[in-house]
Amino acid sequence: MAAGGGSPSIVEFFGGEDGYRCGYCRSDTGNLSHGMWAHSMTVQDYQDLIDRGWRRSGKYVYKPIMNQTCCPQYTIRCRALHFQASKSHKKVLKKMLKFISKGDVSKVASEEEPMDSHIEDVATCDFPHKSESQVSQSDLTPLAVDQAERVENEDKESGETKEEGNVQKVEPDSVQICADKDSPVPAEPSHSAKAVHAPPKPGKGADLSKPLCRKAKDIRKERKLQKLLQNQMGTAEGSQLQGDQAFLLQNSKPKTNQPKNIEDFVCVPLPDDARHKLEVRVVRSSPPSSQFKATFQESYQVYKRYQMVVHKDPPDKPTINQFTRFLCDSPLEAEHAPNGPDCGYGSFHQQYWLDGKIIAVGVIDILPYCVSSVYLYYDPDFSFLSLGVYSALREIAFTRQLCVKAPDLCFYYMGFYIHSCPKMRYKGQYRPSDLLCPETYVWTPIEQCLPLLEHSKYSRFNQDGKAVDEGRLKELGRVRVLHKRTVMPYSVYKKRRKGPSDEASVQQYASLVGQTCSERMLLFRS
């Protein structure tokens, strides 16, 4: 497993929420979802949950009811290692370069929507907060593990179901496959085998098993960039992204007849008389790092202005509390692994600093197999730079960068793709990309999904009629429950419970999160 946490995830399940206002079609009650409050969560559990269609807003984790909601929201991921920037993507990258080097502010019309996740419904409605848990921290702290073991042994002795003895144990269960972009990829399970790099077809792409051809001018270019980056290095945390770009230069264009990739634009050495200086800093937001705390107020002011100008919020709506709940609070535990990225796993803010001030912030989660985009906000004065598209491209480059140290981390998750909402289709232009089948949870190339979505806004992408959800619930009795500070399998809790049965609710929860997560996470029951 790429990352492992010490404490298990603890969640409260609320079932299906009442319909709330949709931010896409503006239906007042048409947006339907299941929800749960995550008091804490390991990055592996969240990775597995988003591979079953879940997403988070602060500490609230929700899953659209796909066959009932007004605008079905399909999880979309980009295969970052094989991403090729489109013509419009390159225009945005060139526009930024011209602005930084020459101060050019020509307002070229962008062909794409900003990559800000367009989840204003989540930002402005009350559904993530009306279910906020009031459970005290003491109730969420399990007693000694040996007591949990005795409870499980009690269940074993009853001869009902076989349970694991250690509540802290987390099994590796979900690894992704990086597919070659030129190959039509069949429906791919989200819980896959070890990441592999498919050999390129003859005449297509470089042979990854051989070193890149190096020209003298490329070597000089690299040395100049390394010297430039050394001069620009600031604090270790804030400059980590820039510092690593020297290594990324290996991915820059080695031959003049090959198309440029993102690194060719991002890693270009600037002239000594460049008009502006752009820095990208990655700071941990949960738990908040010292740099995050030091820049909190400045970051919040950018968010407030963004919400007021772009989303037309009244001045009293984007409060500090709302900003904190929505974009700073996170259930994800900070984790580090020897084979993981240097910054670790968890929740971060990727800050864009122009000439010493923040102009944009990308909220991201770094998970075992992906960088997951949560939200983007920016200073409206710099909207001419198409910061939504630019930040998405930088996040893809960041994913490729992290993959050097953590080979399994090779996907960029863009949130939800909503085909029934034309303004949300732009996410499908980040190719190659896949959509998650809402019934069998296998990844399917978007090219195969689009004809189905043209016919029906809700669609099963897996065309194998006999295929089922491989991660489906198989044994309800094995679901982990936290009751009165004691961890126990549901089969034991069911016997001890007094009052009406809650089996239907637990069954629904376990079916939605899957057998693996239901055995690993702790479902809080009062």
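I began at lysine 484, in the loop between strand S14 (480-483) and strand S15 (486-489). I was working on a predicted model. Phi of lysine 484 is near 50°, a positive value in a residue other than glycine. I noted the background: most residues other than glycine have a negative phi. Is lysine 484 buried or exposed? I found it exposed, with a relative accessible area of 67%.

Next I looked up lysine 312. Its phi is near 60°, again positive and not in a glycine. I placed lysine 312 in the loop between H10 and helix H11 (320-328). Lysine 312 is exposed, with a relative accessible area of 65%.

**Cis bonds**

I checked two prolines. The peptide bond from serine 286 to proline 287 is cis, with omega near -10°. Proline 287 sits in the loop between S7 and helix H9 (290-294). The bond from arginine 431 to proline 432 is cis too, with omega near -5°. I found proline 432 in the loop between strand S11 (411-417) and strand S12 (433-436). For background, most peptide bonds are trans.

**Helix H10**

I tested the length of H10 (residues 296-309). At 1.5 Å a residue, its 14 residues should span 20 Å, and the end C-alpha atoms are 20 Å apart, so the two agree. Which residues of H10 are buried? I listed Phe296, Ser299, Tyr300, Val302, Tyr303, Tyr306 and Gln307. They cover an arc of only 160° around the axis, so they lie on the same side of H10.

**Helix H2**

I ran the length test on H2 (residues 87-102). Its 16 residues should span 22 Å, and its end C-alpha atoms are 22 Å apart, which agrees. The buried residues of H2 include His89, Leu93, Met96 and Phe99. I saw that the buried residues of H2 pack against helix H8 (262-266), strand S7 (278-286), strand S8 (346-354) and H12. Just after H2, glycine 103 takes a positive phi of about 80°.

**The core**

I then turned to the largest nonpolar core, with 124 residues. Met36, Tyr377 and Tyr509 touch the most other members. Helix H12 (residues 387-405) gives the most to this core, with 10 residues. Apart from it lies another core, of 6 residues, among them Leu140 and Leu522.

**Whole protein**

The protein has 15 helices and 16 strands. Of its 526 residues, 57% count as buried.

Definitions and conventions. Residues are numbered from 1 along each chain as its sequence is written. This is a predicted model: local features need pLDDT of at least 70, side-chain atom pairs count only at pLDDT 80 or more; totals for chains, interfaces and linings use all residues. Side-chain values use heavy atoms; hydrogens and water are left out. A nonpolar core is a set of buried Ala, Val, Leu, Ile, Met, Phe, Trp, Tyr and Cys residues joined through side-chain atoms within 4.5 Å. Buried means under 20% relative accessible area, exposed over 50%, partly exposed in between (1.4 Å probe, protein chains only). Helices (H or I, at least four residues) and strands (E, at least two) are DSSP runs, numbered from the N terminus. The expected span of a helix is 1.5 Å times one less than its number of residues. The arc is that of the directions from the helix axis to the C-beta atoms. Contact means heavy atoms within 4.5 Å.
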